[in-house]
Amino acid sequence: MSPPEDKLVLFEIRHACSPCGRRLTANPLTVRFLSLVTGAVLIMLSSAMRRGCLNRPAEAVTLIEVLVVIAVVVVSLLFAVATHDHRTKSPTTQCSNNLGQIGVGLHAFATDHGDHFPPQVSVGNGGSMEFIGRGSPAAHFQTLSNEMRLKVWICPTDEIKKPANNYAAFDDRNLSYFLSMDAAPTNTQPQFIILAGDRHLEVAGQPVRPGLFTFSSNTPVSWTRELHRDASQSRGGVVLFVDGHVEFLKHDRVVAAVKGQGLGTNRLAVP
Ligand SMILES: [Zn+2]
């Protein structure tokens, strides 16, 4: 859904921003304000001409009017560029950053726990192994609570999940990402093993329900259209692999990623 003010856009200044690739769009309020200023200046000029304050030929006044209009257009273009914030990131970039941070957190945990991720370490030793049967990723991710902000667990395109107020209240309602129960830092070819990712998985046209989801290399895993709808025409989502790298995968690429996994089966806890 577009915000209502989009309908009021008089015109757009389309220009690709070189550092971040985003399209620059003039703020509609800015455009309207500058249009008003232009109108006011022109009215003042023509009134001054009528009163004879400007003792010049009609052609010279017309030239002044043209120059004023050109100046206002240039200022509006500069304003549009100046107000563009390079720190604004696309939802897919924000989601990839979230999963990248989760990967760093999981590997930091593994470094402190004998090269094991939380589901491979018992609760008594700071892990979450006993919670695997619940199929809920929250208890596993909660082992990283010391180093993670609560917003990290939410995909910016997820309209259902909201950040928890604190870790005492943290559960699957505050999570957009699934977590593998079987992926491990010691996997051979960790660049192909799926560790975590966006929750909107589907198999053979049916959304994967919350809980423990087991897939093998033959399972036709794809995405629903629930998250990342605007990222491209086709369905897509972000996946974190065991080696820590993050990728936005479209439908065919996620099928290939699942097929290429070295694991016999991979169990995912889906929120
Ligand atoms: Zn996402």
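1. Tyrosine 177 in strand S1 has aspartate 198, in strand S2, as its bridge partner. S1 covers residues 177-180, and S2 covers residues 194-198. The two strands pair in the antiparallel sense over 3 bridges, where pairing requires that DSSP finds at least two bridges between the strands. Strands are DSSP runs of E with at least two residues, helices are runs of H or I with at least four residues, and both are numbered from the N terminus.

2. The structure is a predicted model, in which local features need pLDDT of at least 70 and side-chain atom pairs count only at pLDDT 80 or more, whereas totals for chains, interfaces and linings use all residues. Residue numbers start from 1 along each chain as its sequence is written.

3. The overall content is as follows. The chain has 5 helices and 9 strands, and along the sequence these follow the pattern α-α-α-α-β-β-β-β-β-β-β-β-α-β. Of the 271 residues, 28% are buried; a residue is buried if 20 or more other C-beta atoms lie within 10 Å of its own, exposed if 12 or fewer do, and partly exposed in between, with C-beta atoms placed from the backbone. Contacts are pairs of residues whose C-beta atoms, placed from the backbone, lie within 7 Å. Among contacts between residues at least 6 apart in sequence, 60% join residues at least 24 apart.

4. Serine 180 is placed opposite leucine 268 in S9. From S1, Tyr177 and Leu179 point one way and Phe178 and Ser180 the other way, and all are buried.

5. Strand S7 (residues 236-241) is mostly covered, with 6 of its 6 residues buried. Gly236, Val238 and Leu240 lie on one side, Gly237, Val239 and Phe241 on the other, and both faces are covered. S7 pairs with S2 in the antiparallel sense over 3 bridges, and alanine 196 stands opposite leucine 240. On strand S8 (residues 246-250), S7 has an antiparallel partner over 5 bridges, with valine 239 opposite glutamate 247. The hairpin of S7 and S8 has 4 residues between the strands, and glycine 244 in this hairpin takes a positive phi near 100°.

6. A further open sheet has 3 strands in the order S4-S3-S6, with antiparallel pairing. Its edges are strand S4 (206-207) and strand S6 (221-223), each with a single partner strand, so one side of each is left without a neighbour in the sheet. Strand S3 (residues 201-203) pairs with S6 over 3 bridges, and leucine 201 has tryptophan 223 in S6 as its bridge partner.

7. Most residues other than glycine have a negative phi. Aspartate 115 has a positive phi, near 65°; this residue is in the loop between helix H3 (91-112) and helix H4 (138-141). Aspartate 115 is exposed, with 12 other C-beta atoms within 10 Å. Glutamine 189 likewise has a positive phi, near 55°, and is placed in the loop between S1 and S2. Glutamine 189 counts as partly exposed because it has 13 C-beta neighbours inside 10 Å.

8. Glycine 264 is found in the loop between helix H5 (251-259) and S9. With 8 C-beta neighbours inside 10 Å, glycine 264 counts as exposed.

Conventions:
Two residues are in contact if their C-beta atoms, placed from the backbone, lie within 7 Å.
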